[in-house]
Amino acid sequence: MIVISLLAFSINGMAQSNNPMGSALDFTKTMKLPTRKEVGKKELKGEYIFTVDLEGNLTNIRVKDSMGYGLDDHVVKKLSEAKNWKVAEIDGVKKAVNYTLPLKLTLPKK
């Protein structure tokens, strides 16, 4: 079983799904994860930075802390495909906001 955990969010409303576990499973379904034996540990962690622009698109997507094993490319690709994010409003004015997304992947045993 593959488990992906979202560690923390700096601003409410970041998650775009009512079922984050279902989204996590969809996210990892197309990924080729290394095994615990190949990596030498149970989990991989990474951080990704992006901006939600005024139209609700993700821009300036980049890797802050790499997970390695080719997984960063997949995460960046999935983030770049994300659409219709909720735009932040501050005092009734829409603003582009930067986010940091920490991810933790629990690796399969085999």
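Reader: What is the mean pLDDT of the protein, and where is confidence lowest?

Author: Where pLDDT is low, the predicted coordinates should not be read in detail. The term stands for the predictor's confidence in each residue, from 0 to 100; here the mean is 78, and 75% of the residues reach 70 or more. Confidence is lowest in strand β1 (residues 3-6), with a mean of 41, and highest in strand β3 (residues 58-65), with 96. Over residues 1-22 the pLDDT stays under 50, and for this stretch the model has 36 contacts (heavy atoms within 4.5 Å) beyond four places in sequence.

Reader: How many helices and strands does the protein have?

Author: Helices (H or I, at least four residues) and strands (E, at least two) are DSSP runs, numbered from the N terminus. The protein has three helices and six strands, in the order β-α-α-β-β-α-β-β-β from the N terminus on.

Reader: Which residues of helix α3 are buried?

Author: Buried means under 20% relative accessible area, exposed over 50%, and partly exposed in between, with a 1.4 Å probe and protein chains only. In helix α3 (residues 71-81) the buried residues are L71, D72, H74, V75 and L79. Seen down the axis of α3, with directions taken from the axis to the C-beta atoms, these residues fall within an arc of 160 degrees, so they line one face of the helix.

Reader: How many aromatic pairs does a search of the whole structure find?

Author: A pair of aromatic rings is described by the distance of the centres and the angle of the planes. Rings of Phe, Tyr and Trp (its six-membered ring) pair if their centres lie within 6.5 Å, and planes under 30 degrees apart count as stacked, over 60 as edge-to-face and the rest as tilted. The search finds two pairs. The rings of F50 and W85 have centres 5.6 Å apart and planes at 70 degrees, so this pair is edge-to-face. F50 lies in strand β2 (residues 43-52) and W85 in the loop between α3 and β4 (88-90), so the pair ties together parts 35 residues apart in sequence.

Reader: And how is the pair of F50 and Y99 arranged, stacked or edge-to-face?

Author: Their ring centres are 5.7 Å apart and their planes at 25 degrees, so the pair is stacked. Y99 lies in strand β6 (residues 97-106), 49 residues from F50, and both F50 and Y99 are buried.

Terms used: Residues numbered from 1 in each chain as written. Predicted model: local features only at pLDDT ≥ 70, side-chain atom pairs only at ≥ 80, totals over all residues. Heavy atoms only, no water.
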